[in-house]
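Visitor: Could you walk me through this protein model? I would like to start with its annotation and then turn to the way its parts meet.
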Amino acid sequence: MKVSVIIPARNVAEVLPEQLEALAGQKNAPEFDVVVSDNGSTDGTRNCADYREWPFNLRFMDSSQRPGASHARNVGAATTNADILLFCDADDIVDENWVHELSNAVESTEGALVTGALRHDRFNTSVLRAAYDIPGEPRTTDELPDVEWNPQPFANYLPTVAGNNFAIHRKTYLSVGGMNPDFPGGSEETDFSWRVQRSGIKVVSAPKALVQYRLRQDKRGIFRQQRIQQYARVFLWTQYKDTSMSGPSIKYSITEIFKSLPRAINPSPAASAERLRAVRILGGNIGAVQGMAKYRILEPLKNKIRPRN
């Protein structure tokens, strides 16, 4: 089985070499190549790996035709002939057994969509983890199974995958049309995994396939990320509102905005974790309100008044 690692990338010259070094140190891995799908970088991303020879074939592909990680992943998938695709992000760090664990899980499950596990203890402070309500993580994975069937459903519908840590047969990825680039910066991996499951493919978890994930580190980054993600989740709901997926609530979001705003602007140093947590909640609910305004009110209204030919 041929394996390719796909990395969507845009202006990641500072962090991509660390991810490539982690891939160069893989243990017990099958032979694999790495495709960096460059989505319009202007910071020298394409040259940042020139300082050494790599133990894998490393290719940079141009995916600047359309902005977004979905398009970059699709270009990466289209430009390799591998049997199995592994996806990670440029600014995270894969564990030394990551390629082995993910590729083995795809093969042992006869072609399931496999999601790995995220760890948060390398790049993120305890204050930041508390702000995201991330519980303590196990120090070792020795007692974990290689594969877990039937992962928990997401949003009361079907299981999903982490966009920066999953694997799939290339033929399956292409058969469902890859990721939808119309998603506005979030939820595209959930839409993709749900379409895969609707096609008859199961989702399984590979808890030993670890990626160290960088959370957003400051108020501006946390607010912006959460706003975009919840905005996109409303778009996701418009695609699956006829299922059991839990939908947005304007009453809930407005209440949470007013509750979190005073805590988000509390200047006390002693309240730093609570302040970041409030910023996260505030950004997410503002994004949800924006999404509801666009996708539940404005878009249907535009379609209603659009003249018929």
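Visitor: Which residues does the UniProt annotation "domain: Glycosyltransferase 2-like" cover?
Guide: According to the unreviewed UniProt entry, that annotation covers residues 4–134. UniProt positions follow the numbering used here, feature names are shortened, and annotations may be inferred rather than shown by experiment. The model is predicted: local features need pLDDT of at least 70, side-chain atom pairs count only at pLDDT 80 or more, and totals for chains, interfaces and linings use all residues. Residues are numbered from 1 along each chain as its sequence is written, and side-chain values use heavy atoms, with hydrogens and water left out.

Visitor: Changing topic, how is the chain divided into domains?
Guide: Domain 1 spans 3–212 and domain 2 spans 219–305, with bounds from an automatic or database domain assignment. Their centres, taken over C-alpha atoms, lie 26 Å apart. Domain 1 brings 21 residues to the contact and domain 2 brings 22, where contact means heavy atoms within 4.5 Å.

Visitor: What area is buried between them?
Guide: About 1800 Å², of which carbon and sulfur atoms give 64%. Buried area is the accessible area (1.4 Å probe) that two parts lose on being put together, summed over both. Ala-131, Tyr-132 and Pro-184 supply 28% of what domain 1 buries against domain 2, more than any other three residues.

Visitor: And how many salt bridges are there between the domains?
Guide: The count is 2, a salt bridge being a side-chain nitrogen of Lys or Arg within 4 Å of a carboxyl oxygen of Asp or Glu.

Visitor: Which elements give two or more residues to the side of domain 1 that touches domain 2?
Guide: They are α4 (126–131) and α6 (188–198). Of these, α6 gives the most, with 5 residues.

Key: Helix = DSSP H or I, 4+ residues; strand = E, 2+ residues; numbered from the N terminus.
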